[in-house]
Amino acid sequence: LMAVFNGISAFTPHLRNLNILIRSDNTTAISCINRMGSVSHTRLNMISRQIWDWCEERNLWISAAYVSSKENWKADAESRALLPETEWSLHQSEFEFIVSIFGNPEIDLFASKENKKCKRYISWKRNSSAEAVDAFTVPWKECFFYAFPPFSLILRTLRKIIEEEATGIVVVPFWKSQPWYPLFCKLSIDKIIHLGPNDNLLVC
């Protein structure tokens with residue numbers, strides 16, 4: 001359901017007065033969209049309302065229909081793949097600028113052997129030099145961390161910070177329209193640093 005909201009907000013910000021058909025193999029998402037919410041799942045109901053509020057502001061009418069996973073094989077495969085964004089990292093000069101303000105983190109939570117910013121790091125893939133695989137499986141509260149999470153995992157990252165009362169440096173895009181952005185601002189305990197625009201801001 002969150003994928004539907006992200007897709008609509010990304011592709012329809014300037015569109016008006018249209019009918020939009022969503023085809024999905026997720027029957028729960030289809031039901032929430034067509035019924036304009038869920039009476040049994042608070043979280044799904046909230047996302048459904050976000051979708052419909054977005055559409056109502058632009059006079060868009062949205063409906064959803066089922067497509068089998070077999071027919072939807074390409075999108076299904078992409079959703080399970082490791083996204084290229086997991087290999088993006090800040091340019092070293094930008095990272096050094098950040099740590100000159102906030103201090104040196106002890107561990108990089110979302111990294112690879114090639115792009116890690118700290119000696120200690122957690123990887124998405126098995127790696128002999130990584131402390132662990134998948135940052136969400138280890139506690140964060142015990143150290144001052146650095147996190148540049150994949151965009152699709154930003155909200156999950158913020159929730160784990162709340163749950164563990166963890167402290168660290170978090171890098172996110174300046175996307176004020178995203179549902180996670182107000183929470184990010186609320187959690188900030190120091191000034192927010194804006195980087196860029198800069199062609200050398202990110203490296204892959």
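Which strand gives the largest share of the lining of the largest cavity? Here are my notes, starting there.

1. The answer is strand β4 (residues 107-111), which supplies three residues of that lining. A word on the basis: this is a predicted model, in which local features need pLDDT of at least 70 and side-chain atom pairs count only at pLDDT 80 or more, while totals for chains, interfaces and linings use all residues. Residues are numbered from 1 along each chain as its sequence is written, and side-chain values use heavy atoms, with hydrogens and water left out.

2. The structure holds one cavity of 30 Å³ or more, and the largest cavity has a volume of about 40 Å³. (On a 1 Å grid over the protein atoms alone, a cavity is a set of points where a 1.4 Å probe fits but cannot get out; a pocket is an open set with protein on both sides within 12 Å along at least five of seven lines; lining residues have an atom within 4 Å of a point.) The cavity lining includes W88, D108, F110, K117 and Y146. By class, this lining has five nonpolar, two polar and two charged residues.

3. Strand β4 also belongs to an open sheet of five strands, ordered β6-β5-β4-β7-β8 with parallel pairing. (Strands are DSSP E runs of at least two residues, helices H or I runs of at least four; two strands pair if DSSP finds at least two bridges between them.) The edge strands, each pairing on one side only, are β6 (132-133) and β8. β4 and β7 pair in the parallel sense over two bridges, and F145 in β7 is the bridge partner of I107.

4. Do look at helix α5 (residues 92-102), where E94, F95, I98 and V99 are buried (under 20% relative accessible area with a 1.4 Å probe, protein chains only). Seen down the axis, the buried residues of α5 fall within an arc of 130 degrees, so they line one face of the helix. Their cover includes β3 (89-90), β7 (145-147) and β8 (168-170). Just after α5, G103 takes a positive phi of about 100 degrees.

5. The second largest pocket has a volume of about 850 Å³. Of its 33 lining residues, V170, V171, V172, F184 and I192 are the closest to the centre. At least two residues of the lining come from each of α5, α6 (154-164), β8 and α7 (181-187). The lining divides into 27 nonpolar, four polar and two charged residues.

Notes
Buried means under 20% relative accessible area, exposed over 50%, partly exposed in between (1.4 Å probe, protein chains only). The arc is that of the directions from the helix axis to the C-beta atoms. Contact means heavy atoms within 4.5 Å. Grid points are joined across faces, edges and corners, and a volume is the space filled by probe spheres set on the points. Ala, Val, Leu, Ile, Met, Phe, Trp, Tyr, Cys and Pro count as nonpolar, Asp, Glu, Lys and Arg as charged, and the others, Gly among them, as polar.
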